[in-house]
Amino acid sequence: MPITITELRLAVVRLPLVHAFETSSHRKNHLDHILVRATATDGARRYVGWGECASPADPFYCGETTGTCWQVLTGHLAPMILGRPWQSTAEAAGMTAKVAGNNFARAGLDMACWDLFAQSRGMPLARLLGPHPAERVEAGVSLGIEAGVDALLAQVDRHVRDGYRRVKLKIRPGWDVEPVRAVRHAFPSVALQVDANGSYPPSDRLRLAEWVDDHDLLMLEQPFAADDLVAHAELARRIATPVCLDEAITSVAVLRCALALRACAIVNVKVSRLGGIGPAKAVHDACRAAGISVWCGGMHEFGVGRAANLAVASLPGFTWPSDLSGSDKYYRADVVTPPIRAQAGMVAVPLALPGIGVTVDEAVVHEHTRRSRTLRAAAYRTEAPEGVPR
Ligand code: OSB
Ligand code: MG
């Protein structure tokens, strides 16, 4: 029976970070993500599905921000889907297909649709995606830029002691070979990789080629700007360390360009960056067909987005360790129960419940909500006013 979304409740939820996170472009002490709560019916039963827009607040990772996601969700995506029945997640995605770009905004709604659909089928999301989901995914930590090498070594030490076996370091010009050498020296057996978030100019490729191969790195992620596939291809020819693309891969079509140019050997699959679970699975499938390995990246998701990431990461092409950590690496209190935790460097895929497989604690959501709005199908023009519920 078709599913119709009757109400969408959007909330900007702020969670403080346990430890400030700095990348090549910005430093953060808290994150504002938009939670999407979709109420739907299939005629017989009522469902509540959840999604998360994990957009950074500032347009440094990509062009989107929390503000643009809010605008696009409330002004465009929500009106396109509210009150209109759909039979499949592809049909639901098709309803908003004429919106160009805005993948983070789209991902929040797409995730909620997959949650609703999986619940209506009585299936955990991971099982809906593939017949043989992995029961657990290899975890990993992504460590930000620290004030100095000693502070970074302390962070690596803490997480290795917690059981994480794979560590990703953020690098940028001026913070690269020295911290990487120090971490490799202190942790000779840790699986190590680096992520530059596009911070190197293409003219730095000879300098990069001089040091990257000397530290037994699993991969070098996105050294150059998102749209500079040629620079990545030229570097990939010069170094033995595999080049991985993150920001660059925004669709299956761009992935095909990257593969045609041999710009990468590995792809970081992110549900948020790709615009949802459907496109993330499509990129996984295309990589698998092309013999390219993938792994699951993240955007510091709260429990909702993290659960969806875990379901996607249970697909068979995810062969490298992920950026999925226990939520306690980021947040003191998360918005879902049971809390997502890493054990001995692995995170369990939620497989016990239908849908995304975690329960949202609405009291916690409410407590941390900065702004909210409810949009309804039947009375769209008389939607609830915007406000902070308190
Ligand atoms: O480039 O992978 C990235 C976080 C925010 C923005 C970009 C990135 C990241 C991470 C963190 O590396 C991954 C995570 O722990 O969720
Ligand atoms: Mg990255």
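How many residues of domain 1 are in contact with how many residues of domain 2? Keep that in mind as we start the tour.

**Before you click.** This is a predicted model, in which local features need pLDDT of at least 70 and side-chain atom pairs count only at pLDDT 80 or more, while totals for chains, interfaces and linings use all residues. Residues are numbered from 1 along each chain as its sequence is written, chains are lettered from A and ligands numbered from 1 in the order in which they are written, and side-chain values use heavy atoms, with hydrogens and water left out.

**Stop 1: two domains.** Colour residues 4–123 and 360–379 as domain 1, then 127–356 as domain 2; these bounds come from an automatic or database domain assignment. Their C-alpha centres lie 23 Å apart. Now for the opening question: 36 residues of domain 1 are in contact with 47 residues of domain 2, where contact means heavy atoms within 4.5 Å. Together the domains bury about 3,600 Å², 67% of it on carbon and sulfur atoms. Buried area is the accessible area (1.4 Å probe) that two parts lose on being put together, summed over both.

**Stop 2: across the interface.** Between domain 1 and domain 2 the count is one salt bridge, meaning a side-chain nitrogen of Lys or Arg within 4 Å of a carboxyl oxygen of Asp or Glu. Select Glu 22 and Arg 172 to see their salt bridge, with the closest N and O atoms 3.3 Å apart. Glu 22 sits in strand S1 and Arg 172 in the loop between strand S6 (166–170) and helix H6 (177–186), so the pair ties together parts that are 150 residues apart in sequence. Helices (H or I, at least four residues) and strands (E, at least two) are DSSP runs, numbered from the N terminus. Side chains of opposite charge can pair when their charged atoms come close. If you search the whole structure, you will find 18 salt bridges.

**Stop 3: the magnesium ion.** Zoom to ligand 2, a magnesium ion, and show Asp 195 (OD), Glu 221 (OE) and Asp 246 (OD), its protein donors at 2.1 to 2.2 Å. Donors are N, O and S atoms within 2.8 Å of the metal (3.2 Å for Na, K and Ca); water is not among the atoms, so sites may look incomplete. Along the sequence, the donor residues follow the spacing D-x25-E-x24-D.

**Stop 4: two backbone details.** Which peptide bond is cis? Select Thr 337 and Pro 338: the bond from Thr 337 to Pro 338 is the cis one, with omega near -10°. Pro 338 is in the loop between strand S12 (336–337) and strand S13 (342–343). Finally, pick Asn 102, whose phi is near 55°, a positive value in a residue other than glycine. Look for Asn 102 in the loop between helix H2 (89–95) and H3.
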